[in-house]
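Visitor: I would like to go through this chain and ask what stands behind each label. Where do we start?

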Amino acid sequence: MSLVSLDSISLRLGGRQVLDHVSLTLEPGEIVTIVGPNGSGKSTLLKVIIGALHPESGRINRQKGLKIGYVPQKLHIDPTLPLTVRRFLSLPNRVSDEAAHAALDDAGAGHLCNHQMTDLSGGQFQRVLLARALLTEPELLILDEATQGLDQPGSADFYAQVEALRRDKGCAVLMVSHELHVVMAASDRVVCLNGHVCCHGAPEHVASAPEYRALFGTGTHGALALYRHDHNHDHCDLDHDHEAHHGQQVHMHDHSHDRTHGDSQDHPHDHGETA
Ligand SMILES: Nc1ncnc2c1ncn2[C@@H]1O[C@H](COP(=O)(O)OP(=O)(O)OP(=O)(O)O)[C@@H](O)[C@H]1O
């Protein structure tokens, strides 16, 4: 059974049709990336999936008891507030030392436990947010432009960590990113959104689709090909049901050096934003 399935979701915000008959399914263990221009509804779609916004029409089904971990774009912390990483992880709900250390280790941030939040670099901060999202042992991890502000190697390392998590924990990952060639190389499926789903499928398929090229040009396709070619010295083929299902093979760069649910159903109703 799919973790989440959206069937023809539509939503208007501020008088504007932000989501227009969007259908999407997320299967256990797959990495799906949503790409699209600014204002194309990517964050809104994530909010619908986590239940913070409700669609005006269409249906959303989540697997019974589905645990979702959410990593936001950014989180403001008062720079004058003394707050260690360990204490941050216990907000708002206290977690055990064991759980905190395990989550930090899984996020590649085990050494940061006693650091002040305000002393962290951008990449370290995002890993701590990732650790916080892991505390619930999610079956679905949702990342909303989680590497905004990081340089390209920092982003690549972060996504390699996410890929390792998927491999080790089997969680599915849904992410939004503007770093097309980095995330597309790490994704099983890509969904190109512009209010509606323009095109979707394997990264190579989407990168060469006319709808995608109309939005992003052809540069990304070249970058994607380059990325894969340049790193084929230690590619590993993923043994993954989804690939078998879709008859595709996704190659990923091995970054092991730095990697360290009754059915809930939201029914359509008449109002828009609720949170
Ligand atoms: N609460 C709101 N009220 C009114 N309009 C909103 C609201 N939230 C989002 N919008 C509008 O909905 C549209 C889609 O916003 P959304 O944040 O989902 O886009 P996005 O694809 O994530 O954009 P970006 O790439 O810039 O982050 C935008 O035009 C935005 O201004």
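Guide: With residue classes: Ala, Val, Leu, Ile, Met, Phe, Trp, Tyr, Cys and Pro count as nonpolar, Asp, Glu, Lys and Arg as charged, and the others, Gly among them, as polar. By that rule the shell around the ligand divides into 2 nonpolar, 8 polar and 3 charged residues. The model is predicted: local features need pLDDT of at least 70 and side-chain atom pairs count only at pLDDT 80 or more, while totals for chains, interfaces and linings use all residues. Residues are numbered from 1 along each chain as its sequence is written.

Visitor: What makes a residue part of the shell around the ligand, and which residues come nearest?

Guide: A residue is near a molecule or strand if its C-beta atom, placed from the backbone, lies within 6 Å of it. There are 13 residues around the ligand, and Gly14, Asn38, Lys42, Ser43 and Thr44 come nearest. The elements β2 (16-26) and α1 (42-50) each supply at least two residues of the shell. The largest share, 3 residues, comes from α1. Such names are DSSP runs numbered from the N terminus: helices are H or I of at least four residues, strands E of at least two. On that count the chain has 10 helices and 12 strands.

Visitor: Why is Val191 called buried?

Guide: A residue is buried if 20 or more other C-beta atoms lie within 10 Å of its own, exposed if 12 or fewer, and partly exposed in between, with C-beta atoms placed from the backbone. Val191 has 22 C-beta neighbours inside 10 Å, so it counts as buried. Val191 is found in strand β8. Across the chain, buried residues make up 40% of the 275 residues.

Visitor: Which residues is Val191 in contact with, beyond its neighbours in sequence?

Guide: Two residues are in contact if their C-beta atoms, placed from the backbone, lie within 7 Å. Leaving aside neighbours within four places in sequence, Val191 is in contact with Leu24, Val32, Ile34, Val197 and His200. Leu24 is 167 residues away along the chain, and its C-alpha atom is 8.7 Å from that of Val191.

Visitor: Why is α1 described as largely enclosed?

Guide: Of its 9 residues, 7 are buried, so α1 is largely enclosed by the rest of the structure. The buried ones are Lys42, Thr44, Leu45, Leu46, Lys47, Val48 and Ile49. After α1 comes Gly51, whose phi is positive, near 95°.

Visitor: What makes β6 and β7 a pair?

Guide: Two strands pair if DSSP finds at least two bridges between them. Strands β6 (residues 140-144) and β7 (residues 172-176) run parallel and are joined by 5 bridges, so they meet the definition.

Visitor: What makes His21 and Glu145 partly exposed?

Guide: His21 has 15 other C-beta atoms within 10 Å and Glu145 has 18, so both counts fall in between the two cut-offs. His21 lies in strand β2, with a positive phi near 50° in a residue other than glycine. Glu145 is in the loop between β6 and α5; its phi is also positive, near 45°.

Visitor: What is the value of omega at the cis peptide bond?

Guide: Omega is about -5° at the bond joining Leu91 and Pro92. Pro92 sits in the loop between α2 (85-89) and α3 (97-106).

Visitor: What are the domains, and where do their bounds come from?

Guide: The bounds come from an automatic or database domain assignment. Domain 1 covers 1-67 + 138-219 and domain 2 covers 74-137. Their centres, taken over C-alpha atoms, are 25 Å apart.
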